[in-house]
Amino acid sequence: MADIEIDIAGEKFAATFETADAPKTVARFRELLPFSDRIIHVRWSGEACWIPMGERDLGIGHENATSHPAPGHVIVYPGGVSETEILIAYGPCCFSSKAGQLAGNHFLTITGGLDRLARIGRSVLWDGAKSITFSKAG
């Protein structure tokens, strides 16, 4: 059963929290729901899109951190070397910034529709930013 619905420009995706592996990140993200912003394509990381959050301090450290999220993995970088951000991988990805390779907390996994996710990711690359909303499922 899905915990979250992610709506990217009208395309909806079910996702589940990685509560056992990233409990602090999941708890903090739940506090932000519903969360709406714009998603743009990454510059250095490969096939992924991101939500820049600037200097926002989420009050979390690293947990369940990875530099290589799989398609459908949603990670949050809590800030430090680079700005705070949320990244959604839709294909091969090595999470990095202009400061070099980073590791973000894998806290959410999209459970289906990865072919649609890849199509949207490529559309963000070629057509530009899209709206995104994370909300409780159900």
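Modeller: H106 is buried, because its relative accessible area is 10%; buried means under 20% relative accessible area, exposed means over 50%, and partly exposed lies in between, with a 1.4 Å probe and protein chains only. This is a predicted model, in which local features need pLDDT of at least 70 and side-chain atom pairs count only at pLDDT 80 or more, while totals for chains, interfaces and linings use all residues. Residues are numbered from 1 along each chain as its sequence is written, and side-chain values use heavy atoms, with hydrogens and water left out.

H106 belongs to strand β10, which covers residues 104–110. Helices (H or I, at least four residues) and strands (E, at least two) are DSSP runs, numbered from the N terminus. The side chain of H106 is joined to that of T109 by a polar contact of 2.7 Å. A polar contact is a pair of N or O atoms within 3.5 Å; within protein, one atom must be able to donate a hydrogen and the other to accept it, and residues adjacent in sequence count only if both atoms are side-chain atoms. When residues up to four places away in sequence are not counted, H106 touches E18, A22, E63, N64, T66, H73, V74 and I75. Contact here means heavy atoms within 4.5 Å.

N64 lies in the loop between β4 (46–52) and β5 (65–66). N64 is partly exposed, because its relative accessible area is 31%. Its phi is positive, at about 50 degrees, although N64 is not a glycine. Most residues other than glycine have a negative phi, and most peptide bonds are trans.

A9 also has a positive phi of about 50 degrees without being a glycine. A9 sits in the loop between β1 (4–8) and β2 (11–17), and it is partly exposed, with a relative accessible area of 45%. As for peptide bonds, the one from L33 to P34 is cis, with omega near -10 degrees. P34 is placed in the loop between α1 (23–32) and β3 (35–41).

The chain as a whole provides the setting. It has 2 helices and 11 strands, and along the sequence these follow the pattern β-β-α-β-β-β-β-β-β-β-β-α-β. Of its 138 residues, 47% count as buried, H106 being one that is buried. Among contacts between residues at least 6 apart in sequence, 70% join residues at least 24 apart.

The C-alpha atoms fill a box of roughly 35 × 30 × 20 Å, taken along the principal axes.
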